[in-house]
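Please look over the sequence and the 3D structure shown here before reading on.

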Amino acid sequence: MNEKTTEDLEKLRDLIDGVDQQLLHLLRKRLDLVAQVGAVKHSAGLPIYAPQREAAMLGKRRAEAEAMNISPQLIEDILRRLMRESYLNEKDVGFKQVKQDVGNVVIVGGEGQLGRLFGQMLTLSGYPVKTLDKDDWAQADTLFAEAGLVIVTVPISITCDVIRNKLTQLPEGCILADLTSIKTEPMAAMLAAHNGPVLGMHPMFGPDVGSLAKQVVVVCHGREQEKYQWLLEQIEIWGARLVEAEPERHDKAMQLVQAMRHFSSFVYGLNLCKEQADIDTLLQFSSPIYRLELAMVGRLFAQSPELYADIIFAQQDSMEAIGDYLENYQRALELLKSGDRQGFIDSFSQVATWFGDFAPQFQQESRAMLQSVNDMKSN
Ligand SMILES: C=C(O[C@@H]1C=C(C(=O)O)C=C[C@H]1O)C(=O)O
(Lines give C-alpha, C1' and ligand atoms only; values in the text may rest on other atoms or scores of the structure.)
Protein backbone atom coordinates (compact mmCIF):
# COMPACT_ATOMS: atom_id res chain seq x y z
CA MET A 1 0.00 0.00 0.00
CA ASN A 2 1.37 3.41 -0.82
CA GLU A 3 1.33 6.25 1.67
CA LYS A 4 -1.63 8.00 0.06
CA THR A 5 -3.78 4.86 0.29
CA THR A 6 -2.81 4.30 3.93
CA GLU A 7 -3.64 7.88 4.76
CA ASP A 8 -6.99 7.78 2.94
CA LEU A 9 -7.93 4.55 4.65
CA GLU A 10 -6.97 5.85 8.06
CA LYS A 11 -9.09 8.96 7.64
CA LEU A 12 -12.12 6.99 6.53
CA ARG A 13 -11.66 4.46 9.30
CA ASP A 14 -11.53 7.23 11.87
CA LEU A 15 -14.81 8.55 10.50
CA ILE A 16 -16.35 5.07 10.68
CA ASP A 17 -15.16 4.69 14.27
CA GLY A 18 -16.88 7.98 15.03
CA VAL A 19 -20.14 6.78 13.49
CA ASP A 20 -19.95 3.51 15.43
CA GLN A 21 -19.44 5.46 18.63
CA GLN A 22 -22.50 7.54 17.81
CA LEU A 23 -24.35 4.28 17.29
CA LEU A 24 -23.31 3.24 20.79
CA HIS A 25 -24.73 6.45 22.22
CA LEU A 26 -27.95 5.91 20.31
CA LEU A 27 -28.12 2.35 21.60
CA ARG A 28 -27.69 3.56 25.17
CA LYS A 29 -30.49 6.06 24.57
CA ARG A 30 -32.76 3.37 23.09
CA LEU A 31 -32.07 0.93 25.93
CA ASP A 32 -32.95 3.63 28.47
CA LEU A 33 -36.22 4.42 26.68
CA VAL A 34 -37.12 0.74 26.51
CA ALA A 35 -36.37 0.44 30.23
CA GLN A 36 -38.87 3.28 30.82
CA VAL A 37 -41.46 1.48 28.65
CA GLY A 38 -40.70 -1.63 30.72
CA ALA A 39 -41.40 0.25 33.96
CA VAL A 40 -44.70 1.69 32.64
CA LYS A 41 -45.81 -1.73 31.39
CA HIS A 42 -44.77 -3.36 34.66
CA SER A 43 -46.94 -1.06 36.72
CA ALA A 44 -49.86 -1.53 34.32
CA GLY A 45 -49.37 -5.31 34.33
CA LEU A 46 -48.70 -5.47 30.60
CA PRO A 47 -46.27 -7.94 29.03
CA ILE A 48 -43.08 -6.41 27.62
CA TYR A 49 -43.48 -8.29 24.36
CA ALA A 50 -45.93 -6.43 22.12
CA PRO A 51 -46.12 -8.22 18.75
CA GLN A 52 -48.45 -5.67 17.09
CA ARG A 53 -46.29 -2.73 18.04
CA GLU A 54 -43.26 -4.64 16.72
CA ALA A 55 -44.91 -5.44 13.40
CA ALA A 56 -46.06 -1.83 12.94
CA MET A 57 -42.64 -0.47 13.87
CA LEU A 58 -40.78 -2.87 11.58
CA GLY A 59 -43.12 -2.00 8.70
CA LYS A 60 -42.51 1.74 9.10
CA ARG A 61 -38.73 1.42 9.49
CA ARG A 62 -38.51 -0.85 6.45
CA ALA A 63 -40.36 1.70 4.32
CA GLU A 64 -38.20 4.54 5.62
CA ALA A 65 -35.08 2.49 4.97
CA GLU A 66 -36.10 1.89 1.38
CA ALA A 67 -36.68 5.59 0.86
CA MET A 68 -33.13 6.17 2.14
CA ASN A 69 -31.68 3.49 -0.09
CA ILE A 70 -30.89 1.23 2.88
CA SER A 71 -31.78 -2.46 2.69
CA PRO A 72 -35.05 -2.99 4.62
CA GLN A 73 -33.71 -6.34 5.78
CA LEU A 74 -30.74 -4.59 7.38
CA ILE A 75 -32.88 -2.38 9.59
CA GLU A 76 -35.20 -5.30 10.38
CA ASP A 77 -32.26 -7.49 11.48
CA ILE A 78 -30.87 -4.74 13.67
CA LEU A 79 -34.22 -3.91 15.26
CA ARG A 80 -35.04 -7.56 15.93
CA ARG A 81 -31.71 -7.96 17.68
CA LEU A 82 -32.40 -4.84 19.73
CA MET A 83 -35.85 -6.09 20.66
CA ARG A 84 -34.34 -9.32 21.93
CA GLU A 85 -32.21 -7.15 24.21
CA SER A 86 -35.37 -5.41 25.40
CA TYR A 87 -36.91 -8.72 26.53
CA LEU A 88 -33.72 -9.74 28.37
CA ASN A 89 -33.62 -6.45 30.25
CA GLU A 90 -37.17 -6.91 31.42
CA LYS A 91 -35.88 -9.21 34.16
CA ASP A 92 -34.44 -6.13 35.86
CA VAL A 93 -37.89 -4.73 36.70
CA GLY A 94 -39.64 -8.03 37.38
CA PHE A 95 -43.14 -8.96 36.28
CA LYS A 96 -46.62 -8.11 37.37
CA GLN A 97 -48.05 -10.61 39.85
CA VAL A 98 -51.38 -11.76 38.37
CA LYS A 99 -52.77 -13.28 41.57
CA GLN A 100 -52.12 -12.34 45.18
CA ASP A 101 -52.35 -14.68 48.15
CA VAL A 102 -51.99 -17.96 46.29
CA GLY A 103 -49.95 -19.44 49.12
CA ASN A 104 -46.59 -21.05 48.51
CA VAL A 105 -45.47 -22.25 45.13
CA VAL A 106 -43.65 -25.53 45.66
CA ILE A 107 -41.43 -26.70 42.82
CA VAL A 108 -40.82 -30.43 43.08
CA GLY A 109 -37.47 -30.89 41.33
CA GLY A 110 -36.68 -27.23 41.92
CA GLU A 111 -32.93 -27.82 41.66
CA GLY A 112 -33.22 -29.03 38.09
CA GLN A 113 -32.56 -26.49 35.34
CA LEU A 114 -36.15 -26.03 34.21
CA GLY A 115 -37.33 -26.00 37.82
CA ARG A 116 -34.86 -23.24 38.56
CA LEU A 117 -35.98 -21.22 35.54
CA PHE A 118 -39.65 -21.40 36.56
CA GLY A 119 -38.69 -20.70 40.17
CA GLN A 120 -36.82 -17.60 39.05
CA MET A 121 -39.70 -16.34 36.86
CA LEU A 122 -42.24 -16.89 39.65
CA THR A 123 -39.98 -15.17 42.18
CA LEU A 124 -39.53 -12.21 39.81
CA SER A 125 -43.34 -12.06 39.70
CA GLY A 126 -43.62 -11.83 43.47
CA TYR A 127 -44.69 -15.38 44.42
CA PRO A 128 -43.16 -17.11 47.44
CA VAL A 129 -41.32 -20.05 45.87
CA LYS A 130 -40.11 -23.09 47.80
CA THR A 131 -38.15 -25.86 46.21
CA LEU A 132 -38.37 -29.49 47.08
CA ASP A 133 -35.60 -31.63 45.67
CA LYS A 134 -34.70 -35.26 46.16
CA ASP A 135 -33.15 -34.78 49.62
CA ASP A 136 -35.97 -32.63 50.97
CA TRP A 137 -38.84 -35.12 51.27
CA ALA A 138 -38.68 -35.00 55.07
CA GLN A 139 -40.07 -31.44 54.92
CA ALA A 140 -42.64 -32.23 52.25
CA ASP A 141 -45.69 -32.25 54.55
CA THR A 142 -44.94 -28.81 55.98
CA LEU A 143 -44.27 -27.37 52.52
CA PHE A 144 -47.39 -28.86 50.97
CA ALA A 145 -49.65 -27.75 53.85
CA GLU A 146 -49.10 -24.11 52.83
CA ALA A 147 -49.02 -24.72 49.08
CA GLY A 148 -51.35 -23.08 46.55
CA LEU A 149 -49.45 -24.40 43.56
CA VAL A 150 -47.25 -27.47 43.20
CA ILE A 151 -45.21 -27.80 40.00
CA VAL A 152 -43.63 -31.16 39.27
CA THR A 153 -40.49 -31.06 37.16
CA VAL A 154 -38.48 -34.18 37.90
CA PRO A 155 -36.91 -36.56 35.36
CA ILE A 156 -39.56 -38.12 33.09
CA SER A 157 -38.67 -41.65 34.15
CA ILE A 158 -39.75 -40.99 37.76
CA THR A 159 -42.46 -38.35 37.19
CA CYS A 160 -45.46 -40.66 37.44
CA ASP A 161 -44.08 -42.48 40.49
CA VAL A 162 -43.43 -39.19 42.26
CA ILE A 163 -46.98 -38.04 41.49
CA ARG A 164 -48.58 -41.34 42.52
CA ASN A 165 -46.53 -41.87 45.67
CA LYS A 166 -45.85 -38.40 46.99
CA LEU A 167 -48.52 -35.98 45.78
CA THR A 168 -51.73 -37.55 47.05
CA GLN A 169 -52.19 -35.37 50.14
CA LEU A 170 -52.15 -31.86 48.69
CA PRO A 171 -54.64 -29.32 50.09
CA GLU A 172 -57.98 -29.51 48.28
CA GLY A 173 -57.75 -26.15 46.44
CA CYS A 174 -54.03 -26.48 45.58
CA ILE A 175 -53.16 -26.52 41.87
CA LEU A 176 -51.14 -29.51 40.75
CA ALA A 177 -49.16 -28.84 37.55
CA ASP A 178 -46.27 -30.45 35.73
CA LEU A 179 -43.70 -29.49 33.06
CA THR A 180 -43.03 -32.97 31.68
CA SER A 181 -42.26 -33.32 27.97
CA ILE A 182 -44.82 -36.10 27.61
CA LYS A 183 -48.37 -35.49 28.73
CA THR A 184 -50.73 -38.48 28.59
CA GLU A 185 -49.38 -40.50 31.52
CA PRO A 186 -48.42 -37.62 33.83
CA MET A 187 -51.86 -36.02 33.28
CA ALA A 188 -53.61 -39.26 34.16
CA ALA A 189 -51.37 -39.69 37.21
CA MET A 190 -52.04 -36.13 38.41
CA LEU A 191 -55.80 -36.44 37.93
CA ALA A 192 -55.77 -39.69 39.91
CA ALA A 193 -53.53 -38.42 42.71
CA HIS A 194 -55.26 -35.10 43.34
CA ASN A 195 -58.94 -34.08 43.40
CA GLY A 196 -58.35 -30.34 42.94
CA PRO A 197 -57.22 -28.27 39.95
CA VAL A 198 -54.82 -30.03 37.56
CA LEU A 199 -52.81 -28.48 34.74
CA GLY A 200 -50.30 -30.09 32.37
CA MET A 201 -47.68 -27.98 30.62
CA HIS A 202 -44.77 -28.60 28.32
CA PRO A 203 -42.39 -25.68 27.86
CA MET A 204 -41.02 -26.03 24.32
CA PHE A 205 -37.63 -24.58 25.19
CA GLY A 206 -34.50 -25.35 27.13
CA PRO A 207 -33.38 -23.67 30.33
CA ASP A 208 -30.85 -21.45 28.49
CA VAL A 209 -33.39 -19.20 26.72
CA GLY A 210 -32.70 -16.00 28.63
CA SER A 211 -36.23 -14.72 28.11
CA LEU A 212 -39.59 -16.38 27.58
CA ALA A 213 -40.66 -13.84 24.95
CA LYS A 214 -42.09 -15.68 21.91
CA GLN A 215 -41.36 -19.11 23.43
CA VAL A 216 -44.13 -21.71 23.31
CA VAL A 217 -45.71 -23.48 26.28
CA VAL A 218 -48.06 -26.34 25.43
CA VAL A 219 -51.04 -26.45 27.79
CA CYS A 220 -53.17 -29.51 28.56
CA HIS A 221 -56.25 -28.73 30.59
CA GLY A 222 -56.85 -31.16 33.41
CA ARG A 223 -59.52 -30.00 35.85
CA GLU A 224 -60.97 -26.71 37.21
CA GLN A 225 -59.39 -24.38 34.67
CA GLU A 226 -60.91 -21.32 36.37
CA LYS A 227 -58.68 -22.00 39.39
CA TYR A 228 -55.41 -22.02 37.42
CA GLN A 229 -56.27 -19.44 34.76
CA TRP A 230 -54.12 -16.88 36.62
CA LEU A 231 -51.04 -19.05 36.11
CA LEU A 232 -51.62 -19.16 32.35
CA GLU A 233 -52.05 -15.37 32.33
CA GLN A 234 -48.85 -15.07 34.34
CA ILE A 235 -46.95 -17.13 31.79
CA GLU A 236 -48.32 -14.91 29.01
CA ILE A 237 -47.05 -11.87 30.88
CA TRP A 238 -43.60 -13.47 30.71
CA GLY A 239 -44.03 -13.22 26.93
CA ALA A 240 -44.69 -16.88 26.14
CA ARG A 241 -47.36 -18.07 23.74
CA LEU A 242 -49.74 -20.78 24.98
CA VAL A 243 -50.76 -23.59 22.65
CA GLU A 244 -53.59 -25.80 23.88
CA ALA A 245 -53.48 -29.49 23.03
CA GLU A 246 -54.99 -32.80 24.00
CA PRO A 247 -52.33 -34.91 25.74
CA GLU A 248 -52.50 -37.65 23.09
CA ARG A 249 -52.14 -35.24 20.17
CA HIS A 250 -49.21 -33.57 21.94
CA ASP A 251 -47.46 -36.87 22.60
CA LYS A 252 -47.94 -38.01 19.01
CA ALA A 253 -46.33 -34.81 17.73
CA MET A 254 -43.48 -35.22 20.21
CA GLN A 255 -42.59 -38.60 18.70
CA LEU A 256 -41.55 -36.72 15.58
CA VAL A 257 -40.49 -33.38 17.03
CA GLN A 258 -38.48 -34.74 19.93
CA ALA A 259 -37.82 -38.45 20.02
CA MET A 260 -37.05 -38.93 16.34
CA ARG A 261 -35.30 -35.60 15.93
CA HIS A 262 -33.02 -36.11 18.91
CA PHE A 263 -32.47 -39.73 18.04
CA SER A 264 -31.26 -38.90 14.55
CA SER A 265 -28.98 -36.17 15.98
CA PHE A 266 -27.66 -38.79 18.39
CA VAL A 267 -26.96 -41.22 15.54
CA TYR A 268 -25.33 -38.43 13.53
CA GLY A 269 -22.97 -37.76 16.46
CA LEU A 270 -22.43 -41.47 16.99
CA ASN A 271 -21.48 -41.85 13.35
CA LEU A 272 -18.98 -38.97 13.45
CA CYS A 273 -17.47 -40.49 16.57
CA LYS A 274 -17.21 -44.01 15.11
CA GLU A 275 -15.72 -42.63 11.92
CA GLN A 276 -13.26 -40.71 14.10
CA ALA A 277 -14.05 -37.58 12.08
CA ASP A 278 -11.74 -34.66 12.77
CA ILE A 279 -14.02 -31.80 13.78
CA ASP A 280 -11.38 -29.12 13.11
CA THR A 281 -11.04 -30.32 9.54
CA LEU A 282 -14.80 -30.56 9.11
CA LEU A 283 -15.16 -26.98 10.31
CA GLN A 284 -12.42 -25.79 7.98
CA PHE A 285 -14.28 -27.19 5.01
CA SER A 286 -17.73 -26.41 6.31
CA SER A 287 -20.33 -24.33 4.53
CA PRO A 288 -22.59 -22.28 6.84
CA ILE A 289 -25.31 -24.93 6.58
CA TYR A 290 -22.95 -27.68 7.65
CA ARG A 291 -21.67 -25.58 10.53
CA LEU A 292 -25.22 -24.91 11.67
CA GLU A 293 -26.08 -28.59 11.46
CA LEU A 294 -22.93 -29.61 13.30
CA ALA A 295 -23.69 -27.01 15.96
CA MET A 296 -27.21 -28.39 16.43
CA VAL A 297 -25.89 -31.93 16.77
CA GLY A 298 -22.90 -30.90 18.88
CA ARG A 299 -25.04 -28.98 21.37
CA LEU A 300 -26.92 -32.18 22.13
CA PHE A 301 -23.73 -33.69 23.54
CA ALA A 302 -23.10 -30.67 25.78
CA GLN A 303 -26.25 -31.59 27.70
CA SER A 304 -27.28 -34.33 30.07
CA PRO A 305 -27.33 -37.85 28.59
CA GLU A 306 -29.99 -38.79 31.15
CA LEU A 307 -32.29 -36.02 29.93
CA TYR A 308 -32.10 -37.19 26.33
CA ALA A 309 -32.38 -40.85 27.29
CA ASP A 310 -35.53 -39.88 29.18
CA ILE A 311 -36.99 -37.93 26.25
CA ILE A 312 -36.23 -40.66 23.73
CA PHE A 313 -37.27 -43.59 25.92
CA ALA A 314 -40.38 -41.83 27.29
CA GLN A 315 -42.84 -43.15 24.76
CA GLN A 316 -43.09 -46.72 23.50
CA ASP A 317 -44.53 -45.45 20.23
CA SER A 318 -41.44 -43.39 19.45
CA MET A 319 -39.78 -46.65 18.51
CA GLU A 320 -42.24 -46.96 15.65
CA ALA A 321 -41.59 -43.44 14.38
CA ILE A 322 -37.84 -44.10 14.54
CA GLY A 323 -38.34 -47.50 12.86
CA ASP A 324 -40.26 -45.84 10.01
CA TYR A 325 -37.43 -43.38 9.62
CA LEU A 326 -34.92 -46.20 9.34
CA GLU A 327 -37.09 -47.87 6.71
CA ASN A 328 -37.25 -44.69 4.65
CA TYR A 329 -33.51 -44.27 5.03
CA GLN A 330 -32.96 -47.80 3.80
CA ARG A 331 -35.26 -47.32 0.81
CA ALA A 332 -33.47 -44.12 -0.12
CA LEU A 333 -30.13 -45.89 0.23
CA GLU A 334 -31.38 -48.55 -2.20
CA LEU A 335 -31.94 -45.81 -4.81
CA LEU A 336 -28.32 -44.83 -4.39
CA LYS A 337 -27.02 -48.39 -4.43
CA SER A 338 -28.90 -49.25 -7.59
CA GLY A 339 -27.87 -45.99 -9.28
CA ASP A 340 -31.53 -45.01 -9.61
CA ARG A 341 -30.98 -41.30 -10.13
CA GLN A 342 -34.43 -40.80 -11.61
CA GLY A 343 -36.00 -42.57 -8.62
CA PHE A 344 -34.20 -40.12 -6.34
CA ILE A 345 -35.41 -37.15 -8.39
CA ASP A 346 -38.97 -38.49 -8.35
CA SER A 347 -39.08 -38.89 -4.57
CA PHE A 348 -37.42 -35.51 -4.14
CA SER A 349 -40.19 -33.91 -6.23
CA GLN A 350 -42.83 -35.81 -4.31
CA VAL A 351 -41.50 -34.44 -1.01
CA ALA A 352 -41.21 -30.94 -2.47
CA THR A 353 -44.87 -31.05 -3.53
CA TRP A 354 -45.82 -32.26 -0.09
CA PHE A 355 -43.90 -29.38 1.59
CA GLY A 356 -45.74 -26.96 -0.71
CA ASP A 357 -45.46 -23.30 0.26
CA PHE A 358 -43.50 -24.21 3.36
CA ALA A 359 -40.44 -25.08 1.25
CA PRO A 360 -39.82 -21.55 -0.09
CA GLN A 361 -40.83 -20.11 3.29
CA PHE A 362 -38.22 -22.28 5.03
CA GLN A 363 -35.64 -21.37 2.43
CA GLN A 364 -36.22 -17.71 3.18
CA GLU A 365 -36.11 -18.23 6.96
CA SER A 366 -32.97 -20.31 6.86
CA ARG A 367 -31.19 -17.79 4.64
CA ALA A 368 -31.13 -15.31 7.51
CA MET A 369 -29.96 -18.01 9.93
CA LEU A 370 -27.18 -19.13 7.63
CA GLN A 371 -26.04 -15.58 7.10
CA SER A 372 -25.78 -15.00 10.83
CA VAL A 373 -23.81 -18.24 11.20
CA ASN A 374 -21.40 -16.82 8.65
CA ASP A 375 -21.29 -13.45 10.44
CA MET A 376 -20.20 -15.17 13.63
CA LYS A 377 -16.98 -16.43 12.04
CA SER A 378 -14.00 -14.44 13.19
CA ASN A 379 -11.47 -15.68 10.68
C1 LIG B 1 -40.36 -1.04 23.95
C2 LIG B 1 -41.47 -1.76 23.87
O3 LIG B 1 -41.55 -3.11 24.29
C4 LIG B 1 -41.06 -4.19 23.50
C5 LIG B 1 -39.79 -3.87 22.88
C6 LIG B 1 -39.77 -3.18 21.70
C7 LIG B 1 -38.51 -2.55 21.21
O8 LIG B 1 -37.42 -2.85 21.70
O9 LIG B 1 -38.65 -1.68 20.34
C10 LIG B 1 -40.96 -3.10 20.97
C11 LIG B 1 -42.12 -3.71 21.34
C12 LIG B 1 -42.17 -4.56 22.53
O13 LIG B 1 -42.12 -5.93 22.20
C14 LIG B 1 -42.73 -1.14 23.35
O15 LIG B 1 -43.81 -1.70 23.53
O16 LIG B 1 -42.63 -0.08 22.75
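Two residues are in contact if their C-beta atoms, placed from the backbone, lie within 7 Å. By this rule, and leaving aside its neighbours within four places in sequence, Phe 118 is in contact with Ile 107, Ile 151, Thr 153 and Leu 179. The model is a predicted one, in which local features need pLDDT of at least 70 and side-chain atom pairs count only at pLDDT 80 or more, while totals for chains, interfaces and linings use all residues. Residues are numbered from 1 along each chain as its sequence is written.

**Overall layout**

- The protein chain holds 15 helices and 7 strands, where helices (H or I, at least four residues) and strands (E, at least two) are DSSP runs numbered from the N terminus.
- Along its principal axes, the C-alpha trace of the protein chain spans about 80 × 65 × 40 Å.
- Of the 379 residues of the protein chain, 23% count as buried; a residue is buried if 20 or more other C-beta atoms lie within 10 Å of its own, exposed if 12 or fewer, and partly exposed in between, with the C-beta atoms placed from the backbone.
- Among the contacts in the protein chain with a separation of 6 or more, 70% are between residues 24 or more positions apart.

**Domains and the core**

- The domain assignment of the protein chain gives domain 1 (3-48 + 55-90), domain 2 (104-245) and domain 3 (250-375), with bounds that come from an automatic or database domain assignment.
- The centres of domain 1 and domain 2, taken over C-alpha atoms, are separated by 38 Å.
- Where these two domains meet, 5 residues of domain 1 are in contact with 6 residues of domain 2.
- On the side of domain 1 that touches domain 2, the residues divide into 4 nonpolar, no polar and 1 charged; here Ala, Val, Leu, Ile, Met, Phe, Trp, Tyr, Cys and Pro count as nonpolar, Asp, Glu, Lys and Arg as charged, and the others, Gly among them, as polar.
- In the largest nonpolar core, which has 52 residues, Val 108, Leu 149, Val 150, Ile 151 and Leu 176 touch the most other members; such a core is a set of buried Ala, Val, Leu, Ile, Met, Phe, Trp, Tyr and Cys residues joined through C-beta atoms within 7 Å.
- This core lies between domain 1 (3-48 + 55-90) and domain 2 (104-245), because both of them give residues to it.
- Not counting residues up to four places away in sequence, Val 150 touches Val 106, Val 108, Phe 144, Leu 167, Leu 170, Cys 174 and Leu 176.

**The shell around the ligand**

- Which residues surround the ligand? They are Val 34, Val 37, Ile 48, Tyr 49, Ala 50, Arg 53, Glu 54, Leu 82, Met 83 and Ser 86, a residue being near a molecule if its C-beta atom, placed from the backbone, lies within 6 Å of it.
- The elements that give two or more residues to this shell are helix 1 (3-44), helix 2 (51-67) and helix 3 (72-89), and the largest share, 3 residues, comes from helix 3.
- By residue class, the shell around the ligand divides into 7 nonpolar, 1 polar and 2 charged.

**Annotated spans**

- For "domain: Chorismate mutase" (unreviewed entry), UniProt lists residues 3-94; its positions are given in the numbering used here, feature names are shortened, and annotations may be inferred rather than shown by experiment.
- Residues 3-94 are 84% helix and 0% strand, and the end C-alpha atoms of this span lie 56 Å apart.
- The UniProt annotation "domain: Prephenate/arogenate dehydrogenase" (unreviewed entry) covers residues 103-366, over which the chain is 58% helix and 14% strand.

**Single residues**

- Phe 118 has its place in helix 4 (residues 113-124), and it is buried because 26 other C-beta atoms lie within 10 Å.
- Phe 118 and Thr 153 are 35 residues apart in sequence and 9.7 Å apart in space, C-alpha to C-alpha.
- Asp 101 is in the loop between helix 3 and strand 1 (104-108), and it is exposed, with 5 other C-beta atoms within 10 Å.
- The phi of Asp 101 is near 50°, a positive value in a residue other than glycine.
- Most residues other than glycine have a negative phi.
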